[in-house]
Structure formats: C-alpha cells, structure tokens
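Here is a friendly walk through one protein model, written for someone who likes cut-offs stated alongside the values. Have a look at the structure first, and then we can go through its cores, strands, backbone and rings.

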Amino acid sequence: MVSELHRELPLENINENTQVIQLKESPIHSFSQIQPHGVLFVLQEPELKILQVSSNVYSQFGVSAETLLQGTLDDVIDSFQLEQIRLGLNSESLDYINPTKIWVRKKGDDYAVFDAVFHHNSEGFLVLELEPAISQENIAFLSFYHLARTSINQLESTTNLREFCKIIVQEVRKITGFDRVMLYKFDHDGHGSVVAEEKLANLEPYLGLHYPESDIPKPARKLFAANWIRLIPNIHAEAVEIIPAENPVSNSPANLTNSILRSPSPCHIEYLHNMGVGASLTISLIKEGKLWGLIACHHQTPKYISYELRKACEFLGRVIFSEISAREENEDFDYRMQLNHIQSRLVEYMSQEENFIDGLVKNQPNLLDLANAQGAAVFFGGNYTLIGETPKEEDLNFLVQWLKNNVDEEVFYTNCLPSLYSDAEKYKNIASGLLAIPISKRNYVLWFRQEVIQTVNWGGDPNNAFELSYDGKHDSSQSNLNNLRLRPRKSFELWKETVRLTSLPWQSVEIKAALELRKAIVNIVLRQADELAQLAHDLELSNAELKKFAYVASHDLQEPLNQVANYVQLLEMRYSQALDEDASEFINYAVEGVSLMQTLIDDVLAYSKVDMQAAEFQLIDANTPLERALTNLRQRIGETKATITHDELPTLMADSTQLMQLFLNLIGNAIKFRSHQPPKIHIAATRLEDEWLFSVADNGIGIDPKFSDRIFVIFQRLHTRDEYQGTGMGLAICKKIIECHRGRIWVESQVGEGATFYFTLPVGGRDRERRNGRKTQNNLFGRGQ
C-alpha cells in the first residue's frame, strides 16, 4: 500500500542484554530535501528576498544557487509577471493565483515555462515551488467540467456503495493512466483495507486485503490530511538539498509540511520499491476533518502528472467523496431512525415508571435493542439489574471497578475487551465487546457483545510490518546501535489470520444513541432526586407540625384532665356519706379513666419525642442505660421477686436516654406479663459483622406467633385492661427507638413458653474504625449511613 513511515519506537530484545533503545527517523515534515523534477524557493516578504533555494536550480535555470541567494525574485522573473504575482500575493487567499504559469529566464536569452504554486510555511515565510509545465496553456474550464461530469454521471447511476467505489477507481485510472488505482479505507482500529481496485490484468490483486496501521502511521496521516494530493513521479530519482540547510533568518530547517515537492522518506521509498512501484499518486479522502481513506495510484515505471491534472483529480476526489459520505449516511439513515425510535420509547418508559431501571428492561423495545447487544446490565445504587446474557455479578463488580479506575470519558467502547482487561477472557463468549456509559461516578449502564471469530486476509504478516537492519557492518554490537535503521517489510503476500476475543464493532450510530440515552437517564435521575428531596422536605415539615401538635395537645389536655380528676376526688371526699354504693363506683370509674387518659397522653408525648433527640447519638457503654432502667424498676422487681441477669454489654453508637427507655419498656413488659413463677429475665449481646444483636429473654406467659408483628403497632393490645394495665404504646415506642438507630426489632415466642425480644444496634466507633481501617465520624450511627 502507501506509506510514509515515521517511527519513534522502543525496540526490545535487540541483543542478549535485552537493552531498550530508541529508533528514530527524522520527522517527515523537516526533511530538507525535495524531489528533483521541480525547484523550490524560500522567500522573505515583502521584497521577495531569496533566503533558500534547491540545489538543482543550476540544472533547471543555468544559474548557480550561490548567485541567486540574497538576491530577489526579480533576478528570476521579469517585472511584468512579478507585478501580477505581487497583486495575487496581496489577495485574501493564495488560491487565487495557484497555479500560475511563469516564464523563467535561463542563462542566456532562453525561457522555460513552469507551473508555480505559492504557500506560507509554519514560520511565515513564503514558499514558491516550480514544476515544468507540460503545456503552456491552462486546462480550459469546460474541458475540466466535462472531465468531472463524465465521472459523476456514471456515479449517479449506482446506489450500491461498493459499486460506487469501483466506479471511482475506474474513472481515476482512466484520467491518470496509472497501472493500478485502489480505494483504501481506514478501519476503526487504525488498520486499513482495499475496498475497490482497478489495475492491469497481470498485476497481483490487492482487493480485500488488510494492511497494518504501521504502514501509514499517525505522522504520515497528518500529512495526508494536510495535503489532499501527493505525487512521487519517480521513486528512483535522487533527492536534492535545499541551500543553505538552515534558514538564515530563523536559523532552522525549512518546514515542508505543505510542500508538493517534498522528498519522501527513505523508508517510504523502500516500501514502494518493495511493492514494485516506480511512481505513485495519492488523493486524500477527508471526512469531518479526519482522514477517512485514500485513493492510491501506482505505476510500475516513472510517471509525471501535471499539477493541473493533479488538481483536477483532487477536485474529483472531493466531489466523489462528498457523495461517498452521503451514501454512507443514507445507508445508516434507516438504522439511525430505528435507534431514535427505540431511544424515544425508552425515555417514555423511564418517565412512566417509579424506578427508571424498570423502564429500560421491562418493556419492548428494551435496553438490548438500543445497541444491538446480547446482554446488558444497569449498576445503580450498589445493585445490578441484568437482561440477556451477561457475566456474573461477581465478575461485573471487578469490571465496574476497572472502569472507575481507568475510564474518564462519557462513553467507553471496545470490541476486544480481553485485550484491555485480561480478566474478561474467561467470559469472552458473552462479553468480548463492551459499551459503557457512566450515569455518575459509581453507576453504569453496560452493554455486552459475544465473541465473533473472524478470518482476516492481510497483505503480508502484520506482526512483521517492519524489520531492522544495520548500516555498514551487520552486527548488533553496542558500537553499531547508532547505525540501526527501521526498514519496511518486503513481503506483501496473502497472510491469513484467525481473529479471536473480538466482537462485532460498535457502530457510530449505536455509540451516539448510548450517549443520548445517558443524557436522558441523568435528567430523569436528577428530576427524581429533586422530587424526593422536595418530598423529604415536605415530610420533615409535616413531622415537625405533628410533633408540635402532639406536644401542644398533650400539654393543653393535661390541665383540664387535672381539673376533672381534682373535682371528682373532691366530690367523693365531701359527699361520700350522701352517695349510694353505685355513685361511689361511678366516681371510681371516672378517676380511673382520667388516670388512664393522663398515662396515654404521657405515652403519646414520649412516642412523638423519640426521634427529636437524634442529635444526641454518641459513643456509650450500653451497661449504663441498662443500670438506669433497672434502678427505675427496682420497686417492681422487689415486689415480683424478679431475677434479672445480663452479659457484659458492648460500647456502641446510640442515644443513652432512648436506650434506657428501650430497656425500661422491654424489662417492664417481661415483669408485667409474668407467669405464676417469679420472673427470670436475661439480657445478652452478640457481635455480628457490622452490628450488635441484643436479646431480652423472659419466662413469662409468651405470645402467639401470629401476633408477633401486631404488638409493635401503636395502641395495639392483646389483653384487656382488667387483665394487664397499659396503653399499648410501650412496644411501639421501642420499635421507633430502634428504627431511629437504623436497627431492627422482632420477637420469638410461643404461648406459655416465655418470649425473647431481639433488636440490633450499630457497632461502636472504635469497633468500626478497626474493621474499616479508617477513622469513623461520630455522626455515622447506623447501617447505611
């Protein structure tokens, strides 16, 4: 194929000492040599002073380079032509004068006609390049129009992209007369392949062959992108130097990036020679500012194409390629529209579901259809939602961690995941290809494609795309490392490779669809977060109002109840002799009712205050609130002859007052609901992974298991007040205390066999610090905080 090699490679295993060296060729654009069929001047404006000139000026003009240096362009071109050139140089663009015919004075009275092209190099100097004109007349516009129109008419007659490319190479070969014309397209991975070819019948075919990325490395591709057309009329011609080698004003070599005469690198010349090429012409195909491919023309012998005909080919290449781009877009249009429809449906589904993930996986079409994948996973909030064929969750955990550490882009895609992430080889059958979009720093949507084993036809072994040799003595001693040179391969024979661990590549429309979905998901997640934040704010206000109401109601109700109680008792004291037995009983009922109401109000107030003290969470010894509870219960313990034992309780993060209330209610209940035997109560604590499990066991009357949930509901009672005193608030308060500590509470019991109440509390700060290996903040008081 075509190559202008530029390498700066670490080459290992050069000798037995496994030394690593740097192998370099001079950057392509800084070659201070040109091809000998033309002449180059470097000029300083505005006087057009000659600073540098190619050394072949004598053979072309009959005047030595030394004679011209430090002179001006007036010494070469007559004043009338020079005036026209100066007018053109003052125009907005040099394209207005490129190319122009120039009659150059030779030694004596002879003249020679040249095609002149002007451009400015990166240093701001004016570069003039002259090539011998084949004819003294420019190609007429109508002739050029008919040349292009004939090709375009044939292109309009086909709709198939492959056939379209075939017509292109046929027309270019017809115009230029080259032995072989190929259309070479770059793949997504940097390699390239010949998609169309027109050639002499006796030449070896290259159609369908792939070529490694190293054949046209990045520096060469930049030059092809900067110069739409490149001619090497004779690869055997000896390059000529520019005199002086360094610009006397800038003290640096001339930058020849945009030069049409720039000499190709020796490695590229050798590459063409190995392919049996005597001349080459390359037309760049640019799409959206990037090099899409090349039209490569090869001739077995030297062949010169005039500048004007080359520009005609360039124009034809641009027109043709604009049509190629349109054809590619048309072929993608239906698929793009299909993906747009799927994307719209997914956004609609996500908006309708409470959980956006359900909208991605529970309907048709679903997440798989958006990227033509065999499997997909949504990792959100620490949980996976899987659809289709995916790796196991354990493998996904490691993969997501790898993505977090290695990928910063809005989208990541590869059709060869095992080559980047070695662990993926074990599930290559379902995930050789990966497309991933981050929803946030911790959440991802992943698509997977299975392995597709392919056979690729290469033009030569891609693993031996270049070789090493030594100038001079052919040994690899240290003294000769400076003579080490990079050389292109010599073999271009068909080489078959079986490619494994790869999936079908992700198309650009699929990647764009994934990016659009990412935007939609982020917007929906943010909207739902705003809604939840507003709901939480509203609930907080509502809870605050309810707490305030409970406090005010309880406080305001206490006074009239006290009055009722006082007056009823006063009535009993003053008129006890006047009341009959029924009246005294009624008064007792009233007093008991008022007392019960006061107790109920106190319990409601206690219930409403439970989470108002959340700010008091701190590291405490659980033995302390237990002892305080036992002190408060000492009278009842003594009356019932209860035996209470407990293990050494741990240090943990809790509110001491609430924990005392918890023990008070649970132990008080165990005493209240005792059997005919004296109560025996034991409090224990067991360490779990990230919490403590407490238990309060008794030998009381027990609870029917069917009521194990009901007893924690506010105002719920299993017995009448005649049997057992109480309001039904005690266990509800216990449940609320535990929930405020981010724990759980439950009971295990059978009727007549006692009951054991279990509850969990978070580990203490020091315990968690030891477990996590880091300092724990005092406000981390519960699981999930």
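## The largest nonpolar core

Which residues of the largest nonpolar core touch the most other members? They are Leu 659, Phe 663, Ile 667, Phe 694, Phe 757 and Phe 759, in a core of 42 residues. A nonpolar core here is a set of buried Ala, Val, Leu, Ile, Met, Phe, Trp, Tyr and Cys residues joined through side-chain atoms within 4.5 Å. Buried stands for under 20% relative accessible area, exposed for over 50% and partly exposed for anything in between, using a 1.4 Å probe and protein chains only. The elements giving two or more residues to this core are α16 (623-632), β27 (651-654), α18 (656-672), β28 (680-687), β29 (691-697), α19 (730-740), β30 (745-749) and β31 (755-762). Helix α18 supplies the largest share, 9 residues. Helices (H or I, at least four residues) and strands (E, at least two) are DSSP runs, numbered from the N terminus.

Leaving aside neighbours within four places in sequence, Phe 759 is in contact with Leu 662, Phe 663, Leu 666, Trp 692, Leu 693, Phe 694, Val 696, Ile 738, Arg 744 and Ile 745, where contact means heavy atoms within 4.5 Å. A second, separate core has 33 residues, including Ile 342, Ala 373, Val 411 and Leu 435.

## About the model

Please keep in mind that this is a predicted model, in which local features need pLDDT of at least 70 and side-chain atom pairs count only at pLDDT 80 or more, while totals for chains, interfaces and linings use all residues. Residues are numbered from 1 along each chain as its sequence is written, and side-chain values use heavy atoms, with hydrogens and water left out.

Strands count as paired if DSSP finds at least two bridges between them. Strand β18 (residues 412-414) runs antiparallel to β19 and is joined to it by 3 bridges, with Thr 414 opposite Leu 434. Strand β20 (residues 444-449) is also antiparallel to β19, through 6 bridges, and there Leu 446 is the bridge partner of Ala 436. A hairpin of 5 residues joins β19 to β20. Is Lys 441, in the loop between those strands, buried or exposed? Lys 441 counts as exposed, at 75% relative accessibility. Its C-alpha atom is 9.9 Å from that of Leu 403, 38 residues apart along the chain.

## Backbone exceptions

Most residues other than glycine have a negative phi, and most peptide bonds are trans. The bond joining Asn 98 and Pro 99 is cis, with omega about -15°; Pro 99 lies in the loop between α3 (79-89) and β6 (100-105). Another cis bond runs from Ile 243 to Pro 244, with omega near -10°, and Pro 244 is in the loop between β13 (240-243) and α7 (266-274).

Leu 48 is not a glycine, yet has a positive phi of about 60°. Leu 48 is in the loop between β4 (39-44) and β5 (49-54) and is buried, with a relative accessible area of 1%. Lys 641 has a positive phi of about 55° and is placed in the loop between α17 (634-640) and β26 (643-646); at 66% relative accessibility, Lys 641 is exposed.

## Rings and charges

How many aromatic pairs are there? The count comes to 11, taking rings of Phe, Tyr and Trp (its six-membered ring) with centres within 6.5 Å, and calling planes under 30 degrees apart stacked, over 60 edge-to-face and the rest tilted. Tyr 184 and Phe 186 are edge-to-face, because their centres are 5.4 Å apart and their planes at 90°. Both Tyr 184 and Phe 186 are buried. Trp 402 and Tyr 421 form a tilted pair, 5.2 Å centre to centre with 35° between the planes. This pair links Trp 402 in helix α11 (residues 393-406) to Tyr 421 in the loop between α12 (417-420) and α13 (428-431), 19 residues apart.

Ring pairs also link Phe 41, Phe 61 and Phe 114 into a cluster. The charged end of Arg 180 sits over the ring of Tyr 206, 4.0 Å from its centre, a label that requires NZ of Lys or CZ of Arg within 6 Å of the ring centre and within 35 degrees of the ring normal. Arg 687 likewise has its charged end over the ring of Trp 692, 5.8 Å from the centre.
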